Amino acid sequence: MKPLRQLLLTLSVVIAFGSLGVSVSAAPEDSHLLLYPGNTAAYMNGEKTEAGAAPLERNGSYYLPASELTVWFGVPVKWNAEKRTVQVTTPKAFLEYSLADRTVLENGEIREWGNTALLEEDRLYLELSALQPYISFQANADEDLNRIELRYIKPEADRTLFTNDTAPNVKPVAKFTVDKEAYRIGEPIHYSNLSYDPKGTALKDIQWIGNAQTIFTPGLYKVSLTVKDSFGNVSNTYSRNILVKDEPYLDEFEHHVYHKPVGTYVREEEEVLRKYLRGIPQIPKMERKPTDRPLIVSDSPETFTEKGILYQELVNGKARLYATHVNGMSRKMKFAIMVRNHDPARSVTIKTTNQGEVYPSIYANLIGNEPTIEFLQGRRAEETLVLRPNETAYYKDMPDFYPDQGMNVLYDVETDGEVEFSFVAMDQEEGLDALDSLPKLAYKGNVRGTFVGSEVYWNINASSITKPSSFAIGDGTSDIFVKGTDYISKEPSLNLGNYGVVYKIHIDAPPKMSVLVLPRGGVFKGPFLVNGKVVQTPPSGVMVDYQGYTIIARTNGTEPSLDLEFSPASGSAFPIDVIFYPLTQE
């Protein structure tokens, strides 16, 4: 469940024309309201009641029916049929809304509604930004529970109805409430700050002591609050005790899984991670591996110590080019991808339909992470290159490749004829004509070759998942490494880690759950695309195997599906586990 968020809601009052007379009632001293948009059921100070009309939610904005304002806030509301106006008498001002000319009269001054009111289907809506300065309530919304929580403090008895600029410079009042009388171990504690300044000025400083969001040891805990107004007046300290019962709710590990924000890296001990996240059921997958776009990988020798052709392959149609190399020489070099049309009579067009690239850097995980983000997002415009018969050209070149720097690039290409791509390390002054004289460098470990297919599609039905379950990426067993052939050596190749492969993972009927990424092979950094949005794992720095996990998504159980995209970033070690952790505790 997401934590309650303090919102400046566009909370509105709904008034049906002609249905209200004068409505005055003694407001409760303090009222705690739980309201549910679209539902007339309401809870006031813990007791269930039925409202005359349901609150509404429209595009993230929340609305209250005016017929309940008196019950909830003691605010007099009157419909003047002759003038066709709605009159709201708040503790701070008298507001009269004219439906004819869409103006509001406030303490004798008239102005246009602007964005402070809306007329729709014979009902008047008042925005919170217009209403909240006049009524002492605070609002919180819980999207998961589809619930509005209101807390109201009755104005002090000796205060005048409207703002008096000559009022004495009294101290502000500190006050807060919590949402329960007692809490279980590991249960979130929601504080509502109800402090205010009787003069109506803003509070400039809020000081809490002991307001833990969660407590994992039973006992009685004192929480205190002090506030300061814009004149420097300091309130008396308001304190109350929080009781934590010796009754488990969530332990510290599960509390993080339930409540840490999406995108958070959670550091944890290896023993704890193995206890909760290893030895759990494996999630079955329906797999599809298209073969229409071969994957051409140049990663050997990854660190080159001489100039030459790193890899070479023919392309006729679709292909994905992937290269990652480090300059192991003592001088600045140039890395280039050359392309040659061997046809003596026909031109060939090369389209680049997607790309991700980073220029040389000494930071290994940066050079893998940044191009992968760009490639997954796919926002670069298409590029076109036309090769004349027998022409050789630079497809891409990086002229400033300094010693100890690394680079990483991915390109999706489509050609209308056969061309030859060459991945080359060369001296700065050398040009296209050097291609014929450069040696073909021998394979020296890592990955090099042309592989069948560059994309993996997994479809997962998650509707039956009721306990933590996982699937692995890049383990070589449940996720088989793609196979191919080294064009230069003609030897079989195996893409250990499936670098350059894009995984497209569709999850049907996800339960209410958190989705975690746990590295198991070593240092890891890489992005996921979650429903089209990038989530970094981790958000900064790197993760190390069995030292923590990143939360990449959280579902509420109502979504029809969840989509993940991922490609192993250069410089990261595999495997990683993707874990579905159901949030079953209410």
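Threonine 324 sits in strand 28, residues 318-327 (helices, H or I with at least four residues, and strands, E with at least two, are DSSP runs counted from the N terminus). The model is a predicted one, so local features need pLDDT of at least 70 and side-chain atom pairs count only at pLDDT 80 or more, while totals for chains, interfaces and linings use all residues. Residues are numbered from 1 along each chain as its sequence is written, and side-chain values use heavy atoms, with hydrogens and water left out.

Threonine 324 counts as buried because its relative accessibility is 4% (buried is under 20% relative accessible area, exposed over 50%, and partly exposed in between, with a 1.4 Å probe and protein chains only). Its side chain makes a polar contact with the side chain of serine 570 at 3.0 Å, and a polar atom of that threonine 324 side chain lies 3.1 Å from the backbone oxygen of methionine 407. A polar contact here is a pair of N or O atoms within 3.5 Å; within protein, one must be able to donate a hydrogen and the other to accept it, and residues adjacent in sequence count only if both atoms are side-chain atoms. Setting aside neighbours within four places in sequence, threonine 324 is in contact (heavy atoms within 4.5 Å) with residues including Ser298, Asp299 and Glu302.

Arginine 293 is in the loop between strand 24 (286-288) and strand 25 (295-298). With a relative accessible area of 10%, arginine 293 is buried too. Its side chain reaches two backbone oxygens: that of alanine 319 at 3.1 Å and that of valine 413 at 3.1 Å. Beyond four places in sequence, arginine 293 also touches, among others, Thr353, Asp412 and Gly453.

Then there is the open sheet, where four strands line up as 27-34-29-32 with antiparallel pairing (strands pair if DSSP finds at least two bridges between them). Strand 27 (308-315) and strand 32 (392-401) are at the edges with a single partner strand each, so one side of each has no neighbour in the sheet. Strand 27 is joined to strand 34 (residues 419-426) by seven bridges, and glutamate 313 stands opposite phenylalanine 421 of strand 34.

As for the largest nonpolar core, it has 42 residues, and Phe471, Ile473, Ile505, Phe528, Ile552 and Phe580 touch the most other members. Such a core is a set of buried Ala, Val, Leu, Ile, Met, Phe, Trp, Tyr and Cys residues joined through side-chain atoms within 4.5 Å. Strand 40 (residues 502-508) gives the most to this core, with four residues.
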